[in-house]
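Trainee: Hi! I'm new to this one, could you walk me through it?
Mentor: Happy to, let's bring it up.

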Amino acid sequence: MQDVSDILAEIWTAAGGAPAALDQVRLTGSEPLLPSSFRVGAAAQASIAAAGLAAADIWRARSGEAQHVAVDMRHAVIECRSERYLRVDDKPPPAAWDKIAGVYRVRDGRFVRLHTNFPHHRDAVCKVLGCNAERDEVQAALEQWDGEAFETAAYAAGGVVALMRSHDEWSATPHAEELAKLPLITIEKIGEAAPKPWPAGMRPLAGIRVLDLSRVIAGPVAGRTLAAHGADVLLISSPDLPAIPWLTIDTGRGKLSAYTNLTTEEGRRTMRGLVAEADIFSQGYRPQAIARLGFSPEEAARINPGIVYVTLSAYGHAGPWAERRGFDSLVQTTTGFNHAEGQAAGVDGPKELPAQVLDHATGYFMAFGAMMAKARQAREGGSWHVRVSLAQTGRWLWNLGRIAGGLATEDLKADAVMPHIEVLASGFGTLSSVRHAAVLSSTPAHWSRPAVPLGSHPAEFPAPEFHG
């Protein structure tokens with residue numbers, strides 16, 4: 001198996017990074033750190049290190065000063081479970097899942113996973129099944145369905161579910177065959193524009209304006225990471241959209257937060273004004289949905305030539321599932337991870353990875369891709385489109401290899417986590433939360449703004465003099 005430095009080198013050079021920059025990186029720690037047969041530690045460390053190295057390389061371009069980047073694997077793994085370790089006024093997180101979310105056996109003996117944390121997703125599942133949102137009623141209804149037929153019907157109705165497949169089954173699907181043709185991170189030039197000079201500032205991303213249109217984990221982690229290196233990140237939400245409060249708090253560190261209703265002309269006008277001022281537009285909505293509102297990559301580049309547009313999807317932008325909704329837990333189920341972990345553990349049914357690592361690693365890849373494209377824009381101009389997906393990150397993780405006996409690893413205890421926790425004031429109370437795991441020697445990562453409730457700020461970027 002490759003060591004993590006070689007994994008990082010592949011990610012870095014594939015995105016156009018100069019190989020010499022890798023000499024500034026120090027990776028510490030070793031696998032396994034969590035109970036899994038997969039290389040969760042390597043994935044966490046490599047993805048965080050890639051984003052940290054991109055920030056350091058931007059600082060070198062801006063200031064002429066090189067610096068070292070250090071990432072400890074244990075710290076990286078802990079950050080890839082940051083929502084688990086968050087405390088607000090010393091209170092732990094509430095239950096993570098809706099009461100009917102989770103795994104069920106269906107008529108043909110297979111397993112399906114339901115993701116029902118958002119009310120409209122729960123209602124869609126219950127409508128297909130013709131039952132109330134009670135676990136025993138859902139199970140009884142699912143006994144009348146074969147797995148793939150239910151998966152298809154639930155998606156058609158607006159639900160988000162997954163049939164558990166083996167990795168071989170998944171790999172044989174037309175969609176997986178299309179994904180196999182794509183790179184881990186796609187960075188494409190989509191228009192002409194003059195290079196934009198770096199603004200003044202004392203941090204790698206000081207003065208860089210980021211619009212963050214994302215929810216749940218991967219997209220918000222990307223915005224949080226860009227904020228950790230000094231970007232002005234404005235999270236745009238709507239009071240009409242459901243949110244998961246604990247995740248909003250954990251991933252809201254460093255961000256401004258505003259409401260804009262893009263279903264109204266006034267809201268779209270406000271957004272067009274923000275796009276015209278942004279350097280990076282990061283979004284996790286389905287492509288057709290955001291395009292219908294007038295904010296496709298091409299439209300954003302027309303409004304603001306030179307913009308870097310970042311698209312997150314569940315299953316990638318090519319193939320028959322390109323428009324399919326999904327979350328980390330479902331992609332794990334669909335693409336073979338749950339089946340493989342279950343087999344390795346000797347259980348009849350799915351077993352989850354010990355972290356939502358597809359989400360977290362994809363978030364770091366979003367931030368990495370955004371920074372690499374922004375650096376390229378500053379050098380050579382152009383408008384740029386960066387694309388990542390949970391399924392493509394999963395394909396990358398699978399190809400890192402397996403750890404024999406990895407499931408016997410003891411999970412991390414509190415004394416291993418505490419050195420990586422910092423205490424911050426916030427708009428919710430006192431937060432105990434995980435520090436960023438990429439340690440830069442000259443421009444330390446930190447969040448200059450506290451996490452705040454959604455919609456706390458006006459829908460505008462701050463004046464340029466704020467550098468954090």
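Mentor: A term to start with: helices (H or I, at least four residues) and strands (E, at least two) are DSSP runs, numbered from the N terminus. This is a predicted model, where local features need pLDDT of at least 70, side-chain atom pairs count only at pLDDT 80 or more, and totals for chains, interfaces and linings use all residues. Residues are numbered from 1 along each chain as its sequence is written, and side-chain values use heavy atoms, with hydrogens and water left out.

Trainee: Let's talk about Arg-253. Where is it?
Mentor: Arg-253 sits in the loop between helix 11 (245-251) and strand 10 (255-259).

Trainee: Buried or exposed?
Mentor: Arg-253 counts as buried, because its relative accessible area is 1%.

Trainee: What does the side chain of Arg-253 make a polar contact with?
Mentor: Its partner is the side chain of Ser-433, at 3.2 Å. A polar contact is a pair of N or O atoms within 3.5 Å; within protein, one must be able to donate a hydrogen and the other to accept it, and residues adjacent in sequence count only if both atoms are side-chain atoms. The Arg-253 side chain also reaches the backbone oxygen of Val-434, at 2.8 Å. If you set aside residues up to four places away in sequence, Arg-253 touches a list that includes Arg-224, Glu-422, Trp-447 and Arg-449. Contact here means heavy atoms within 4.5 Å.

Trainee: What about His-420, which residues does it touch?
Mentor: Not counting residues up to four places away in sequence, His-420 touches His-75, Ile-78, Ser-433, Val-434 and Arg-435. You'll find His-420 in the loop between helix 19 (414-417) and strand 14 (421-424). His-420 counts as buried because its relative accessibility is 13%.

Trainee: And His-68, where does that one lie?
Mentor: His-68 is in the loop between helix 2 and strand 2 (69-72). It counts as partly exposed, because its relative accessibility is 49%. The His-68 side chain makes a polar contact with the side chain of Gln-24, at 3.4 Å. Beyond its neighbours within four places in sequence, His-68 is also in contact with Val-439, Leu-440 and Ser-441, among others.

Trainee: How far apart are His-68 and Arg-105?
Mentor: They are 37 residues apart in sequence and 50 Å apart in space, C-alpha to C-alpha.

Trainee: Switching topic: which residues touch the most other members of the largest nonpolar core?
Mentor: That core has 119 residues, and those touching the most other members are Ile-11, Phe-150, Tyr-315, Phe-368, Met-371, Trp-396 and Leu-397. Helix 2 (residues 40-63) gives the most to this core, with 14 residues. By nonpolar core I mean a set of buried Ala, Val, Leu, Ile, Met, Phe, Trp, Tyr and Cys residues joined through side-chain atoms within 4.5 Å.

Trainee: What is Trp-396 in contact with?
Mentor: Leaving aside neighbours within four places in sequence, Trp-396 is in contact with Ile-7, Ile-11, Ala-43, Ala-46, Leu-184 and Phe-365.

Trainee: Last topic, pockets. How much space lies in the largest one?
Mentor: About 970 Å³. On a 1 Å grid over the protein atoms alone, a pocket is an open set with protein on both sides within 12 Å along at least five of seven lines, and lining residues have an atom within 4 Å of a point. Grid points are joined across faces, edges and corners, and a volume is the space filled by probe spheres set on the points. The largest pocket is lined by 38 residues, and Arg-215, Leu-241, Gly-284, Tyr-285 and Arg-286 lie nearest its centre.

Trainee: Which helix gives the most to that lining?
Mentor: Helix 13 does, with four residues.

Definitions and conventions. Buried < 20%, exposed > 50% of the residue type's maximum accessible area, 1.4 Å probe, protein only. 1 Å grid on protein atoms, 1.4 Å probe; cavity = no way out; pocket = protein on both sides within 12 Å on 5 of 7 lines; lining within 4 Å.
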